[in-house]
Amino acid sequence: MKRKIPLGICLIMGIMMIIQFFIPHPVSLGFASTIYKWVIVLMAFALVLAIGNLIRHHTLKIRKRKEDWPYSIVTLFGMTAMAVIGLIWGVDPDSLYQRIFLNILAPLGGTMFALLAYYMASAAYRAFRARSLEATLLLISAFIVMIGFMPFGQYVHTRFPAFAEWVMQVPNMASQRGILLGVAFGSIATALKIILGIERSWLGGKE
Amino acid sequence: MTFLLIFLSFLPPTDVIARDKPNDAGSTISLSWNLSADDALIDGYVIMKREASDQAGEYSKIGSTIRGVMAFEDENAQDGIPYEYVVAVIKNGELFESAPSEPTVSSPQVFHTGRTNVLIAIAVFTLMLAYFVAKARSGKGLFIRKIAGLAAVEEAVGRATEMGKPILYVPGLGDIDWTATIASMNILGEVAKKIALYDTALIVPNRWSVTYTVSKEVVKEAFISEGRPEKFKEDYVRYLTEAQFGFAAAINGIIMREKPATNFFVGRFWAESLIMAETGSQAGSFQIAGTDSVLQLPFFVTACDYTLMGEELYAASAYLSREPLLLGSLKAQDYGKLIVLLMLIFLTAFSFLNINLLGILRVQ
Amino acid sequence: MKWYDRITRIDRRIIYLLLTSLVILPFFIKVTIPQNIMPQTKRLFDFIEAIPPNDKAVMISFDYTPQTQPECHPMAKSLLRQCFSRGIPVIGLSFDPQAPGLAVDALTSIVNEFDSLATSKEDSLVYGVDYVYLGWKSGRIAAQLDMGEDIGGVFPRDYFGALIDSFPLMNKVKNYKNVAIVVILASADYPLDWIRYPQTRYGVNVAAGLTAVMAPKYYPFVQTGQVSGLMSGMKGAAEYEKLVLDHGYARALGNAETGMNSQSMIHILIMIFIILGNVGYFFSRRQKGADK
Amino acid sequence: MSSDPWIWVGALLTLMIFSFLYKDNPFYKFGEHLFVGVANGYYIVFYWHNSLRPNLFEPLGAGEFIYLVPLLLGLMYFTRFIPKVSWLVRIPIGFMIGWGAGLSIPALFQAEVLRQLEGTVVAPSSFTNPMSGIWSLIILVGVICTLIYFFFSKEHKGILGHTSRIGIIFIMIGFGASFGYTVMARVSLLIGRIQFLLGPWLGLID
């Protein structure tokens with residue numbers, strides 16, 4: 001029973017969602033949107049557990065004075081402050097909550113994202129070595145695109161930008177589609193195995 | 001003095017046809033008509049309707065279009081009530097009405113005929129899967145080609161033990177509704193079983209609350225099934241944050257401060273892939289990646305020691321567990337790809353014989 | 001360590017330092033690398049050139065976020081310069097909640113630029129006559145469709161809270177009939193909705209300025225004519241700046257040109273380092289072969 | 001220099017994150033921990049306003065008792081702490097996983113199989129321009145060879161070996177091109193951050 005009930009619920013949900021796709025009737029649309037609302041509610045409940053884990057991790061660190069423990073205070077304080085601000089003073093466009101989002105979260109996220117410019121340079125320098133035919137092809141096509149999409153590309157040859165565009169649109173597109181088709185079958189098979197209860201790693205152990 | 005008033009007259013559109021819109025949730029009627037012969041001269045068309053039972057009633061305006069348009073959808077029909085429609089030409093505010101349409105009733109449909117092909121595809125693939133899984137269950141051995149990177153899993157765990165350092169396993173940034181995340185959970189289970197046998201710590205950071213609960217169960221059960229439940233620590237599986245780059249920032253911190261010997265990045269990834277993989281590479285960790293995110297593959301290939309590309313991720317999860325049932329599905333996947341491949345060739349060949357079958361691929 | 005080993009192991013911090021300086025330098029040292037102009041950029045420029053002055057309006061949908069500002073903000077500025085120089089009224093609006101701040105910034109900075117050059121009162125730009133900014137609305141697709149009937153029904157008040165009936169421009173422009181083209185500046189998939197809904201229903205012309213990542217997706221639509229012009233990424237923005245400058249609508253090249261110079265130099269920097277790495281790899285491998 | 005304290009906050013946090021490029025340091029640690037904390041606070045509020053309140057408590061308050069189902073399912077997450085009934089946690093997980101899997105199957109067939117196939121089939125109309133016709137043939141060959149690389153149940157020998165090798169060549173060219181193309185987008189992001197530091201913060205550029 002400890003396995004059969006969850007597996008049964010998984011099976012029923014899976015089949016209902018597949019059938020729903022084929023039924024345009026309002027009853028079916030209403031069903032899909034209700035379930036979606038429930039899913040978000042479930043995510044919110046799971047978040048309580050997850051946040052609990054985070055709090056536990058950091059309080060332990062503080063209590064045991066583990067390395068870097070003062071930073072754990074920063075995390076716990078930041079979380080509590082932001083939650084209180086948003087729950088008490090609301091989330092209107094000119095609330096403190098939105099200001100913190102725009103002036104603290106957005107710059108932090110944007111800068112992490114911008115680190116990629118640096119990492120692309122160091123990764124390319126370290127790894128783009130002509131060790132084999134495959135590695136050489138990767139290197140050459142990267143060069144073609146890096147030159148072709150820049151204004152100076154036209155000085156290599158007037159048709160060079162068009163060539164770079166071709167590399168993107170023809171060989172690149174072909175390989176992406178091929179990979180995508182394979183992935184689709186892997187994904188579909190996994191999803192089917194889950195619904196049919198063949199793949200049950202999410203249940204954990206045998207009991 | 002008399003004024004000679006010239007009344008200009010414009011021809012209304014003809015053949016106004018009303019039909020219930022197919023494959024919808026009801027309350028919509030599609031209209032079509034032939035353009036007025038004076039289409040080039042007019043301002044546009046006005047669409048009007050009335051309930052067919054109310055023959056004395058006035059037509060009321062429900063919408064308008066610019067000239068040259070010959071279709072309209074009335075999205076405010078009430079199911080079960082017959083309506084009549086007229087389409088009028090409008091010029092300088094004056095209307096010239098067409099003959100009314102036949103009375104038409106809107107209704108919702110219970111099967112979407114435009115999606116029959118998807119239904120057939122699902123049915124065929126499910127049957128194939130069931131067949132090969134049954135065959136695998138009967139104990140026939142299946143050949144699976146070597147997947148580079150899989151052999152490295154054992155090596156990775158061993159290496160961490162030798163160095164006395166932990167293993168970092170990032171199960172992707174996708175929530176549980178991404179199948180890649182499920183495949184990753186499967187691989188996590190196998191990796192955790194190996195770790196349970198050695199004296200190595202494990203760090204599994206999560207971005208989503210639901211994947212956090214699942215990966216916790218998976219790791220815990222893996223330790224139990226290897227008979228080492230006492231070795232499992234609550235702190236192995238952690239929740240970080242839902243913010244994509246906040247998550248990446250925290251992973252960078254873990255890589256730098258807890259110095260894992262091996263990093264696994266397995267699951268669904270977005271732009272943050274290289275932030276984590278490059279940091280790991282600079283820290284000198286041994287790295288194994290696996291993802292079905294086509295756009296992130298180049299970065300993992302560049303920065304990691306081994307990468308499971310695309311479908312290899314799904315194959316790996318079946319391969320590692322070595323369960324015949326899971327292996328059976330690989331065979332079904334291969335046949336699925338074979339069908340796709342043959343369809344590509346035949347549909348292309350047919351199109352050159354002037355037989356256009358592309359319609360069978362279209363989904364509404 | 002031999003020289004060829006050394007160039008395979010350059011400290012990453014040296015690369016990072018060079019890269020940072022190449023991003024900063026172009027802001028202070030202006031150089032101009034001549035550009036080839038992509039046909040889809042030229043097409044948008046020519047389309048707006050062909051709109052008669054003081055007639056139909058250009059609608060600009062500001063839908064980009066602060067993160068993609070370097071790519072899309074210069075596009076907005078160049079477009080505004082072209083429209084204002086030619087006497088074409090501009091209606092701004094947004095469907096991305098992060099965009100209004102940027103839209104207001106683009107409008108005010110260009111309007112100030114024009115007004116500072118204006119010699120007479122007639123020359124200066126007047127809010128409500130030459131341009132308006134309607135602000136942000138949720139329910140994108142429904143709003144886009146409703147504007148085909150009545151813009152005032154969707155935006156009864158502008159971003160600053162004024163009733164739009166009070167603006168001469170909005171009395172002239174009631175719906176898409178008086179809109180020559182809608183230009184969507186976005187970092188997400190917004191133009192597709194415009195093509196699918198208002199364009200098919202009301203036949204409105206659509207053009208776009210997109211980030212480099214988004215743009216390739218729209219090439220097929222340019223080919224079919226559903227999109228009447230496209231600026232793609234910082235390069236597209238720089239090309240448009242060039243066109244606007246060449247026609248005398250601007251006095252100097254803007255930020256996209258600066259950004260493009262950074263881009264070019266960083267691309268060259270990365271390639272130089274890749275080549276160094278490979279030269280070192282080649283010689284060290286040859287050395288190893290000789291040692292055996 | 002800016003006199004707006006918010007700009008200063010944004011600028012200092014930007015520099016803290018950038019400092020990681022040199023090496024891990026207390027400033028980065030501060031920025032990282034603040035990020036994780038504030039982001040979690042942000043999502044707690046987000047889920048309250050967008051999920052728990054409108055999708056659970058308000059309908060329940062209005063007497064829609066069907067919403068007891070998600071409430072019950074949600075509460076089951078907490079049975080983890082009660083060893084005797086801890087297996088109940090599998091029920092909401094099964095619900096979510098089944099939902100996700102069922103949702104994805106038709107979507108995958110539609111968007112990633114059928115539509116990709118349709119885009120790849122070559123038709124005589126592709127040859128109205130002879131070059132573009134040839135290119136679509138190359139795409140067709142590339143897709144087929146790449147797909148063959150992903151065959152698992154046959155050894156890659158003979159014709160399968162040759163085609164899958166061509167597949168790998170396509171894949172590598174594609175990876176290189178994607179990498180090269182992405183450099184542009186990432187540098188744009190970096191320019192954006194630098195512009196913020198030089199402009200609004202330091203006031204060196206406009």
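A residue counts as buried if 20 or more other C-beta atoms, placed from the backbone, lie within 10 Å of its own, as exposed if 12 or fewer do, and as partly exposed in between. The model on screen is predicted, and local features need pLDDT of at least 70, side-chain atom pairs count only at pLDDT 80 or more, and totals for chains, interfaces and linings use all residues. Residues are numbered from 1 along each chain as its sequence is written, while chains are lettered from A and ligands numbered from 1 in the order in which they are written.

**Chain D**

Select chain D. Of its 206 residues, 52% are buried. Colour by secondary structure: chain D has 6 helices and 0 strands, where helices (H or I, at least four residues) and strands (E, at least two) are DSSP runs, numbered from the N terminus. Read along the sequence, the pattern is α-α-α-α-α-α. The C-alpha trace of chain D spans about 60 × 60 × 35 Å along its principal axes. Its radius of gyration is 27 Å, whereas a compact globule of 206 residues would have one near 17 Å; the radius is taken over C-alpha atoms, and the globule rule is 2.2 Å times the number of residues to the power 0.38.

Contacts come next: two residues are in contact if their C-beta atoms, placed from the backbone, lie within 7 Å. In chain D, residues 24 or more positions apart account for 21% of the contacts with a separation of 6 or more.

**Chain B**

Switch to chain B, with 9 helices and 13 strands. For chain B, the corresponding share of contacts between residues 24 or more positions apart is 70%, again counting separations of 6 or more. Of its 364 residues, 50% are buried. The C-alpha trace of chain B spans about 110 × 50 × 40 Å along its principal axes.

**The nonpolar cores**

Show all chains. A nonpolar core is a set of buried Ala, Val, Leu, Ile, Met, Phe, Trp, Tyr and Cys residues joined through C-beta atoms within 7 Å. The largest has 315 residues, and Leu116(A), Val219(B) and Val58(C) touch the most other members. Helix α4 (residues 96-127) of chain A gives the most to this core, 20 residues. Centre on Leu116(A): beyond its neighbours within four places in sequence, Leu116(A) is in contact with Ala271(B), Leu274(B), Ile275(B), Arg186(D) and Leu189(D). Another core, of 18 residues, lies apart from the largest one and includes Ile42(B), Tyr85(B), Val86(B) and Ala88(B).

Among the residues making the contact are Phe185(A) and Gly186(A) of α7(A), and Gln333(B) and Gly336(B) of α9(B).

**Interfaces of chain A**

Now select chains A and D: 97 residues of chain A are in contact with 91 residues of chain D. On the chain A side, the largest share, 22 residues, comes from α7(A).

Finally, select chains A and C. Here 22 residues of chain C are in contact with 22 residues of chain A. α2 (12-28) and α12 (255-291) of chain C each supply at least two residues of the side that touches chain A, and α12(C) gives the most, with 11 residues.
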